[in-house]
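Please open the structure in your viewer and keep the selection panel at hand.

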Amino acid sequence: MVEKSYLVQKFARLKFGQFSVLGYSVGGEETVVQVPELNVCFDVGRAPQFALTSDLMLLSHGHMDHIAGLGYYLSQRHFQGMKPGTILLPRHLERPVEALLRAWQEVERQQTPFTLIPMSPGQDYEVRRDFVIRAVATHHGAPSLGYVLMNIREKLRPEYTTLTGEQIAALRKQGVDIQYKLEVPMVAYLGDTSYGEVFDHQDVMSAQVLLCECTFFDPGHRAKAKAGKHLHVEEFVKVLEKSKNENVVVLHVSRRTGIRRSKHLLRKMVSPEIMAKTHFLMDFDDSKDAGDLDNTAEPGLTGA
Ligand SMILES: [Zn+2]
């Protein structure tokens with residue numbers, strides 16, 4: 001018998017109202033998370049096929065498990081006649097990433113086009129009048145960024161809502177500023193981060209969907225979390241308790257613990273309401289059986 005395939009990589013797809021979240025995220029191995037409806041991909045991972053379709057690639061930091069596939073993403077898009085990818089990235093990475101991509105042009109003998117947009121914390125990148133990407137500082141050693149996808153709505157100021165169309169037109173003619181901008185954070189992605197100020201950022205904590213790492217769950221892994229500047233579940237619980245997000249998606253769980261046991265440990269620490277809005281991206285396990293998860297680490301690769 002021929003074994004047709006093995007080691008098939010499974011990608012996740014979660015649906016939240018108008019957005020879906022597609023991706024793969026395992027601590028230290030690969031992280032790539034796409035929101036197809038907004039044409040955005042957060043980190044490129046090893047550039048799986050689905051990631052090629054996003055025109056906007058938002059890079060959080062320079063670790064290989066988040067950016068390894070960048071050259072492939074750009075080259076494949078060019079090869080397939082798609083428009084050049086636009087890469088948002090932390091400002092200090094602009095120079096080395098440009099050097100990498102130039103080196104690929106020479107190696108591949110293909111003038112792969114790219115656009116790098118260096119970003120600083122607090123900076124907005126306007127995609128459209130009604131869609132802005134806001135960079136926020138995260139805490140992962142070298143400058144690292146998270147991104148909030150903001151919906152910008154022009155609203156009539158409350159004092160003018162009872163006026164007729166004619167009256168409004170007249171005010172407009174006089175140059176009266178009758179509108180204000182309502183900013184609605186839709187999706188926030190934090191890449192890798194330790195606990196810090198980003199979890200007091202209003203746009204992050206009130207986004208409809210928060211995509212947040214929690215790498216370590218075992219009590220014995222506190223030191224690893226600290227050393228790698230990642231979240232441990234004890235800090236993640238504080239995040240969840242402050243969160244006003246409708247949904248929180250857990251990314252970057254270490255293989256040292258695995259999804260089933262991580263879920264089990266989290267469930268013991270938060271209310272059922274919080275648990276209900278918290279989803280693990282890589283949760284492919286339908287069984288509700290928690291079994292003997294208290295003392296077992298899942299076998300397999302170790303890492304992050
Ligand atoms: Zn990292």
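In what order do the seven strands of the open sheet lie? The model, which is a predicted one, shows them in the order 1-2-3-4-5-6-7, with mixed pairing. Select strand 1 (12-16) and strand 7 (115-119): these are the edge strands, and each pairs on one side only. From one strand to the next, the twist averages 20°.

Next, select strand 4 (residues 40-44) and strand 5 (residues 56-58). These two run parallel and are joined by three bridges. Highlight C41 to find its bridge partner in strand 5, M57.

Now select helix 3 (residues 94-108). Helix 3 lies across strand 6 (86-90) and strand 7, and runs at about 165° to strand 7.

Move on to strand 8 (residues 124-128) and strand 9 (residues 131-138), an antiparallel pair with four bridges. A hairpin of two residues joins strand 8 to strand 9. Select E126 and see V132 of strand 9 opposite.

Five residues lie between strand 9 and strand 10 in their hairpin, and G141 in the turn has a positive phi of about 90°.

Finally, select helix 4 (residues 165-173). How many of its nine residues are buried? The count is zero, and helix 4 is hardly covered. After helix 4 comes G175, with a positive phi near 85°.

Technical notes. Residues are numbered from 1 along each chain as its sequence is written. This is a predicted model: local features need pLDDT of at least 70, side-chain atom pairs count only at pLDDT 80 or more; totals for chains, interfaces and linings use all residues. Two strands pair if DSSP finds at least two bridges between them. A residue is buried if 20 or more other C-beta atoms lie within 10 Å of its own, exposed if 12 or fewer, and partly exposed in between; C-beta atoms are placed from the backbone. Axes are lines fitted to C-alpha atoms, for helices over the stretch in contact, and angles run from 0 to 180 degrees between N-to-C directions. Two residues are in contact if their C-beta atoms, placed from the backbone, lie within 7 Å.
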